[in-house]
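Please read this briefing beside the sequence and the coordinates.

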Amino acid sequence: MSTFNVELKRVVDDTYDIEIGYDLSSKLVSDIDAGLVGNIRKFAVITDTNVKDGYALPLCEKIKRAGYAVDLFVFPAGEKSKTRETKAKIEDAMIEKHFRRDCCIIAVGGGVVTDLAGFIAGTYARGIPFINYATTLLAAADASVGGKTAVDTPVATNLIGLFNQPAKVYIDIAAWKTLPKRQMSSGMAETIKHACMASRDMFKFIEENLDDIFSFQKFACEYIAENNCRIKYNVVMKDERESGLREILNLGHTVGRAIETVSDYKLLHGEALSIGMIAQAQLSSTLGYMSDEEVKRVTELYERAGLPTKIPDYIDREVLVKKLYTDKKVRDGKLRFVIQKGIGDIVEFAPGVYAKPISEDLAREIIMEI
């Protein structure tokens, strides 16, 4: 019998830039020319049916005119497409188009696109570079930053995936003007969540400038884009792989993700998160970490943003309670919640511990109330 020690100590630099601006597709192509992904000449643009004509096709034309090979891969828009089956179909199509290790993926779209494309990039040919071109506020606030990529399963959302950092992220604020009001509202859910957990000033700014955000005033949109990135960066930098602090980004998601799944994705992610945020605010109040007035401010801001704050009647609340157990924070069969502290902070229950075990009875009580 013998033992051979395989020593594989690694120092990995996953540093990347997030560029916030307007109509950034030409900048993306010039960055490729300048060596953003090295000497790669072949690109797979992955997008959905909502974004294909407005952004993905024009970007493909620009890439071709710059002298690169490019193919477009499109899947049906919506969370229901974020599956292993869709991933396999795109991979098979890439194989058919002779994509190998010497290629790069460009994800053009919202959170579903960036989640799916980033996961493909992490596994295709054992890993190829990818670039995120975010066209929605939700992607700008959440999915395009931090490197969490995944697909959904019938059991739970984002259950299968990996951490995979992009070569660069482009946040195109101009694209927000093309979004339906419902999609803009959905993106505001994560934006308000960031303010609730990390910035009282940002929360106040949103309260005072919500109309300016929805009318795409430059100062207001740039403020929320930059602060979303800053808040998320400050968390991800300290805990890339969600071993402790990064759990705070899951604020509101224990109930929110469960509602999203139980609704069979009738609710957009931000709509489900909005309800989840109200549930955790009520829980926080019950535990003594938020005042009634603070809960009211959070509720009113979500409502002003055009988001639901009550569980729809078509959702079976007992089924929803059981679905909570599919949350990734569950440990030893016990529900765990991240809890908001006032407005702009999170409860740290012990050094490095940001989620608290909550009894099923208390979770059920909160769910029955909203």
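The axes are lines fitted to C-alpha atoms, for helices over the stretch in contact, and the angles run from 0 to 180 degrees between N-to-C directions. This is a predicted model, in which local features need pLDDT of at least 70 and side-chain atom pairs count only at pLDDT 80 or more, whereas totals for chains, interfaces and linings use all residues. Residues are numbered from 1 along each chain as its sequence is written, and side-chain values use heavy atoms, with hydrogens and water left out. Helices (H or I, at least four residues) and strands (E, at least two) are DSSP runs numbered from the N terminus.

**Packing of α6 and α8**

- Helix α6 (residues 181–198) packs with helix α8 (residues 218–236) at an angle of about 55°, and their axes are 10 Å apart; the two are therefore oblique to each other.
- The crossing of α6 past α8 is left-handed, a term that applies if the near helix is turned anticlockwise from the far one by less than a right angle, right-handed being the clockwise case.
- Where α6 and α8 meet, α6 contributes Met188, Glu190, Thr191, His194, Met197 and Ala198, and α8 contributes Ile224, Asn228, Ile231, Lys232 and Val235, contact being defined as heavy atoms within 4.5 Å.

**Nonpolar cores**

- A nonpolar core is a set of buried Ala, Val, Leu, Ile, Met, Phe, Trp, Tyr and Cys residues joined through side-chain atoms within 4.5 Å, where buried means under 20% relative accessible area, exposed means over 50% and partly exposed lies in between (1.4 Å probe, protein chains only).
- The largest nonpolar core has 77 residues, and those with the most contacts inside it are Trp176, Met188, Ile192, Ile206 and Ile259.
- Isoleucine 206, not counting residues up to four places away in sequence, touches Met188, Thr191, Ile192, Ala195, Ile213, Ile224 and Leu301.

- Isoleucine 259, placed in α9, is buried with a relative accessible area of 0%, and its contacts, leaving aside neighbours within four places in sequence, are Leu267, Ala272, Ile275, Ile311, Ile315 and Leu320.
- Just after α9, aspartate 264 takes a positive phi of about 55°.
- In helix α13 (residues 360–369), the buried residues are Leu362, Ala363, Arg364, Ile366 and Ile367, and what covers them includes α10, α12, β9 and β10 (356–358).

- Lysine 87, found in helix α3 (residues 84–96), is buried, with a relative accessible area of 10%.
- The side chain of lysine 87 makes a polar contact of 2.5 Å with the side chain of glutamate 91; such a contact is a pair of N or O atoms within 3.5 Å, where within protein one must be able to donate a hydrogen and the other to accept it, and residues adjacent in sequence count only if both atoms are side-chain atoms.
- Leaving aside neighbours within four places in sequence, lysine 87 is in contact with Leu116, Phe119, Ile120 and Thr123.
- Glycine 54, in helix α2 (residues 52–65), is partly exposed, with a relative accessible area of 49%.

Notes
Parallel < 35°, antiparallel > 145°, perpendicular 65-115°, else oblique.
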